[in-house]
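My plan is to look up a few spots one by one and jot down what turns up.

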Amino acid sequence: MPRKYSKLERGEALTGYLFILPQMIGFLILVLVPLIMIFVYSFESRNLLFGNMGFSGLDNYQKLVSDDLFFTTLKNTIVFSLGVVPLNLVLSLALALYLGANASGTKIVRSVIFLPVITSGVAWAIVFKYLFQGGTAGPINYMLSFFGIEGPNWLHEKGWAMLSVILTRVLKNLGMNVLIFMGAVMNLPQDVLEAGRIDGANKPLLFFKIKLPLLMPSILMVMIVTVIGSMRVFDTIKLMTDGGPEGSTMVLVYYIYHQAFKTFNIGYAATISVVLFIIVLILTIIQWSLRRRASFYED
Amino acid sequence: MKSSLKRVFCALLVIFVAVLPVMAQGSGESQQQTSGPIDIKIATWTSNQDQLDLLGSFVDEFAAKEGVEINATFESITFDEYNTLLSLELQGSEAPDVFWVLETSAPAFIESGLLAPLDEELAEYNPDDFSPKAMELWQKDGVTYAVPFSTSPFFVIYNADLFAQAGIPTPADLVAEGNWNWDTFRQSSKAIKDATGVWGFQTVDGGGYDARILHNLCPIIRSYGGDAWTNDGQILINSSESVEAVQLFHDMVYVDGSVVPPGDQSNFFAGAAGMTVAQVSRVSNLAEADFAWGVAPMPAGPMGDVPVIGQAGIGAYSRGKNVDIAKKLVAYMTNEECVARMAGIWPPARYSVLESDDFLSSQPLLTAEQMDMAVGSSIETGRVLPSHVMYPQIEVESRIVWDRLWNADADVKAVLDAVAQVYANYIN
């Protein structure tokens, strides 16, 4: 028999639900409904100019399987993520350890690293597009020329273009991850570290055997956020390369944008969105299960 | 607690069901005709205030003529994003009542039914005055869906100071000698780069490698006897004539090194290039130029002078709440008087204006002689850029292939064969 709740308990519960109500309404209207509609649209022949041209069954999914460009964008997305995520994690962790050690100049470094985070993504990409100009017109190539190096046409040569957008993206978001890691580094239990030192552990041993395992929950959390962020990259690509050259920086989200708003194929764009949703969902589940296994010290 | 959860879930559902009609109300309301001032939204890709003021004055005059009060708002969308944002807006409750249409997307917009037929309204303003050739793109089955307010040939603008520094004749001199062709154009570009270190040529609006690739290549290709594709479905982009023309441009970029290359943001109007290709609407950028400049028609090729025209149309949204007044406004904005006043910015498709003396003096920065040489003589003989109902798809897919062209060791013929394959997927 279900337990009866007192008037006070019911009132408290109601107050709680009222507090989350605005968020719930926002979630329903802005997230859940569009998400459901994406699934519905993926089974329709829907065009932004011509409207809904009817139910098309699995046609969009069949088209996806034979769409070479889709697989190219999928590969590009993986390359982009493999470039951004490890680079971002290693750099931000290294910087957090340096800043957490209160070495000289940390305040300046902290400000400089965090500055890109509060800068508009659009402005950041435009500035880097200018910096990465080819020939000697671009400041980066101009500086390289002092060392006798002839820089490439960064954003217009395959390979270099992907590297350029990866670097731009890593530098933009580094600060936020440094901040999260710094919080974790500063909260490392000093007694455990001290015990390690007394037992004769040198710095590498201290890092790999004590600090790293203790930081694992934060690392995995940052990894999940960075992976999802890298799968959703748009502004950097749009403003710096427009997916080129030869589609070498066309990632999934940008391909969705192209299909939906450049060629007006809303139905097909919805199908690619469903695939992206499933990929992100699977990655998140894997990483959450990893988090449980690898985080020995998590409560 | 379970029953409490159920109640909350039910409450959320009720709220959701209640909110949906409110959200949908926007489009419902848009069908209602209200009394008082009529709100008219006009979408354009210009943000030039003088040009917007001119369009605004047409709206005011139209309102006075019709005896109605109109609240006109102009929405300036950037050229690169124009189709994207416009098509999105046309699906919502904030759609413009009147909007400009790009020539390349005209067939798609007409086919989609988003443009209202205008013949009834145009009948009041001497429609026979329009050049039939200029109207071709904007009509289907004899019905007019938009009116070309701009029929603007491409021509060359050059920096006379750089030509003087290089000690070579200007394009205008070469025109006078009868020696202005793609070979002398290439030689001039290289001579400027070699003598001054400044780029010899910048592609149209700097977009010749991406967004404006056909704007850049079509004038060369057509004057060599090639084309991208024809209205009857022939794909000519990989014909020997087209290959020869594209090879010329490729050599200018990678052999001569005289053209502003991909990714370089050097700008002709800032004095960083010797020549560029433009239309009359860009001439206003030269009002405060700190260098001497001149204009010349596009260079001739083996097929002689083959002018290329860029068109822009104006139409009324067929599902707009004020569609009737919007149609009348479009017709009014393209009458003889309004077209004559726009002629210095957007060359007209009306014979009465084209053949008038006032037309040649309508652009204050150009002399009558320059206007005639670069613009007037090309309007009737020029051809518009290629267009197709599937143009958006063609553009996006072919862009990826075109990119292969922009490196020094590209095989031009192989790239154009691949572009032709993409075209063949859509053009019959």
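Where is the place of Glu246(A)? I found Glu246(A) in the loop between H10 and H11 of chain A. Before going on, I noted that this is a predicted model, where local features need pLDDT of at least 70, side-chain atom pairs count only at pLDDT 80 or more, and totals for chains, interfaces and linings use all residues. Residues are numbered from 1 along each chain as its sequence is written, while chains are lettered from A and ligands numbered from 1 in the order in which they are written. For the element names, helices (H or I, at least four residues) and strands (E, at least two) are DSSP runs, numbered from the N terminus.

Is Glu246(A) buried or exposed? Glu246(A) counts as buried because 21 C-beta neighbours lie inside 10 Å. My cut-offs: buried takes 20 or more other C-beta atoms within 10 Å of a residue's own, exposed 12 or fewer, partly exposed in between, with C-beta atoms placed from the backbone. Pro245(A) is in this loop too, between helix H10 (235-240) and helix H11 (252-262) of chain A. The peptide bond from Gly244(A) to Pro245(A) is cis, with omega near -10°.

**Entry: a positive phi in chain B**

I looked up Asn126(B) next, in the loop between helix H5 (119-122) and helix H6 (132-135) of chain B. Its phi is near 50°, a positive value in a residue other than glycine. Asn126(B) has 13 other C-beta atoms within 10 Å, so I put it down as partly exposed.

**Entry: Ile210(A)**

Ile210(A) is in helix H9 (residues 203-231) of chain A. With 18 other C-beta atoms within 10 Å, Ile210(A) is partly exposed. Leaving out residues up to four places away in sequence, I saw that Ile210(A) touches Val192(A), Leu193(A) and Gly196(A); contact means C-beta atoms, placed from the backbone, within 7 Å. I also took the separation of the C-alpha atoms of Ile210(A) and Lys129(A), which is 42 Å.

**Entry: a sheet in chain B**

What is the strand order of the open sheet of 4 strands in chain B? I read E8-E9-E7-E10, with mixed pairing; two strands pair if DSSP finds at least two bridges between them. Strand E8 (199-202) and strand E10 (293-297) of chain B stand at the edges with a single partner strand each, so one side of each has no neighbour in the sheet. From one strand to the next, the twist averages 20°. I counted 4 bridges between strand E7 (residues 155-159) and strand E9 (residues 273-278) of chain B, which run antiparallel. Ile157(B) has Thr276(B) as its bridge partner in E9(B).

**Entry: helix H10 of chain B**

Why is H10 (residues 213-223) of chain B largely enclosed by the rest of the structure? Because 11 of its 11 residues are buried. I listed the buried ones, including His215(B), Cys218(B) and Arg222(B). They pack against helix H9 (182-196), helix H11 (240-254), strand E11 (308-316) and helix H17 (391-402) of chain B. Just after H10(B), Gly225(B) takes a positive phi of about 100°.

**Entry: where the chains meet**

How values were computed:
Axes fitted to C-alpha atoms, helices over the stretch in contact; angles between N-to-C directions. Contact = placed C-beta atoms within 7 Å.
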